[in-house]
Amino acid sequence: MRRLPLALLLCTVAALLPAAAQAAPPANDNRATATPLTLPAAPSGTTSESTLEEDEPSSCAQLRGSVWYSVQAPARRNVVVRLAAQGDLDAVVDVFQRTRSQLSPVNCDVGNARGQAETEFRSTRGGSYLIRVGQRVNSVPGGFRLDVFAPQPPPKPPGPALPAAGVSRSVNVTGHTSDAFSTVMRAGTTYRVHRAQARGCTALALYPPGTTDFDEGSPVKRAGCGGYFLFTPAAGEGGRYSLLVTAQPRRRGDQRYHLQVAQATDDDTSPGLPLANYERARGSLQGSGVDAVDIYRFSLARRSLLRVNLSGNGFKLQLLRDTGHRVASSDDGVIERRVKPGRYYLAVRSPRTQSGRYVLQRAARTITHARISIDGEHSAGASPGAAVRVGVRLRPPVAGPVRITLERFDPFAGWQFYRRVSVQAGNGVATLSFTPPSQGRWRASAVYRGTRLAAPSETGYATVLVAPPLSD
């Protein structure tokens, strides 16, 4: 029997061993081999094949494996540690201060449902710190990314003056976390404030004159993701206001924005621009600037079927009562509602940085109710050959075309169509003189077909029995 050379035999055996037997723990599996970091740092790592040391310090969750990083702090400063786990890894991030061979726990955070964890600590000059990323005991292994950085010191109020044309800047969560600007506002004057942003959602807050510290001060206004609001200083509250823009937490990369403040004009605040029925109002918005919202007003004397159409550039619509109650909104440029009598406002809004021209039209038609009768009754009787009066009443008393349908009843086949007649209503009344051509049961119904200003409506049925008196 021919024997294989020893080296070839060993290679063959190694190739047949399971892959797991050849895998090794990560290089930074132990504290002694922690990966050194220089701030700011954004290392990627994995907990795959990681282990726990015999004297592994405790955490805020049970672990089955961990990897380590080290940081030497050159100065006293705040340091943020942010973890983003990949796949289904459930991870924990710990921070320890190292003094010779001793570890003192500083902070710990468990990853949330999105695999994100974050902690912050205040370093000492020359301090030595260890960061541990641990895999929870009931978790699968996986990769992750760390962001370890010292945020830029927050700006101090009031901030540099904001130019009339605004500023375009960017903030991020790994250093330059916020910007501050200032602007002078006069008491009793309404101003538009807009922070435009193509993506993400930085925070915007307006602070009153005299604010000396953003952490200690209280903003008079905050903006949501829309980034647009109106503000009017009250009596004695004019002066230099501060605006603070802060990066959205947990969003990577630069978050660009444009911030602008300007005095409100007629189409920016109440009473807004009048919008007549069926008028085609033309306007434009610049979502990347301060002209992000236009306001229109109208009133309705009667309960109406309202339809609003907006065309152009994907702008949004909002319908409110003059009390501020929101009635409806639309992202597709159409609002159709039954509305009560009252005064209303329409807002055309630019989503994020959308800009361009638009055409706005509102069509309001009074809601009508129609009733029908024969000889003034819901159910009447008539002699053969006699004419009956079919009457239609409309409320409110509008004019317009009415279509009356007449039917006869066959005891074997049910109601059968006989004739359809068009008449004209005036002051809420339409009439038709009708002579049934035969004995039997007859009925009438009507449809008010509506006009440009009045909505259609339908009646029920009115019946008449055409027959001589009963006899034996």
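Visitor: Which strands form the open sheet with mixed pairing, and in what order do they come?

Guide: One thing before we start: this is a predicted model. The sheet you mean has 5 strands, and reading across it the order is E18-E20-E25-E22-E23. Strand E18 (273–274) and strand E23 (326–330) are the edge strands, each pairing on one side only.

Visitor: How many bridges join strand E22 to strand E25, and how do the two run?

Guide: Look at residues 316–321 for E22 and 342–349 for E25: they run antiparallel, and 6 bridges join them. To find your place, pick Arg-321, whose bridge partner in E25 is Tyr-344.

Visitor: What is the strand order in the open sheet of 4 strands?

Guide: That one goes E10-E17-E12-E15, and its pairing is antiparallel. From one strand to the next, the twist averages 20°.

Visitor: Let's go inside that sheet. Which way do a strand's side chains point in general?

Guide: In a regular strand they alternate between the two faces of the sheet. For this structure, let me walk you through the pairings of E17. Strand E12 (residues 191–196) pairs with strand E17 (residues 255–263) in the antiparallel sense, over 6 bridges. Val-193 is the residue opposite Val-261 in E17. E10 also runs antiparallel to E17, joined by 5 bridges, and there Ser-170 stands opposite Arg-256 in E17.

Visitor: Is E17 mostly covered or mostly uncovered?

Guide: Mostly covered: 7 of its 9 residues are buried.

Visitor: Now the cores. What do nonpolar side chains tend to do?

Guide: In soluble globular proteins they tend to be buried together. Here, the largest nonpolar core has 27 residues, and the ones that touch the most other members are Ile-374, Val-390, Val-392, Val-402, Ile-404 and Val-464. Among the elements giving two or more residues to this core are strand E27 (369–374), strand E29 (388–395), strand E30 (400–410) and strand E35 (462–466).

Visitor: Which residues is Ile-374 in contact with, leaving aside its neighbours within four places in sequence?

Guide: Show its surroundings and you'll find Ala-380, Val-388, Arg-389, Val-390, Ala-444, Ala-462, Thr-463 and Val-464. Notice that Val-390 and Val-464 are on this contact list and also among the core residues that touch the most other members.

Visitor: On to the cysteines. What is a disulfide, in general?

Guide: It's a covalent bond between the sulfur atoms of two cysteines. In this model the count comes to 2 disulfides. With the bonded cysteines numbered in sequence order, the pairing is 1-2, 3-4.

Visitor: How far apart are the sulfur atoms of Cys-60 and Cys-108?

Guide: They are 1.9 Å apart. The torsion about that S-S bond is about -60°, so this disulfide is left-handed. Cys-60 is in the loop between strand E2 (44–46) and strand E3 (63–72), while Cys-108 is in strand E6 (residues 102–110), so the bond ties together parts 48 residues apart in sequence.

Visitor: Which cysteine does Cys-201 join?

Guide: Cys-225, with an S to S distance of 2.0 Å. Here the S-S torsion is about -115°, so this disulfide is left-handed. Cys-201 is in the loop between E12 and strand E13 (203–207), and Cys-225 in the loop between strand E14 (221–223) and E15, so you're looking at a link between distant parts of the chain, 24 residues apart.

Visitor: Is Cys-201 buried or exposed?

Guide: Buried: its relative accessible area is 18%, and the cut-off for buried is under 20%. Cys-225, in contrast, counts as partly exposed at 47% relative accessibility.

Visitor: One last stop. Where is Gln-116 placed?

Guide: In strand E7 (residues 116–123). Gln-116 counts as buried, with 17% relative accessibility. Its side chain has a polar contact of 3.3 Å with the side chain of Arg-114.

How values were computed. Residues are numbered from 1 along each chain as its sequence is written. This is a predicted model: local features need pLDDT of at least 70, side-chain atom pairs count only at pLDDT 80 or more; totals for chains, interfaces and linings use all residues. Side-chain values use heavy atoms; hydrogens and water are left out. Two strands pair if DSSP finds at least two bridges between them. Axes are lines fitted to C-alpha atoms, for helices over the stretch in contact, and angles run from 0 to 180 degrees between N-to-C directions. A nonpolar core is a set of buried Ala, Val, Leu, Ile, Met, Phe, Trp, Tyr and Cys residues joined through side-chain atoms within 4.5 Å. Buried means under 20% relative accessible area, exposed over 50%, partly exposed in between (1.4 Å probe, protein chains only). Contact means heavy atoms within 4.5 Å. A disulfide is a pair of cysteine sulfur atoms within 2.5 Å. A polar contact is a pair of N or O atoms within 3.5 Å; within protein, one must be able to donate a hydrogen and the other to accept it, and residues adjacent in sequence count only if both atoms are side-chain atoms.
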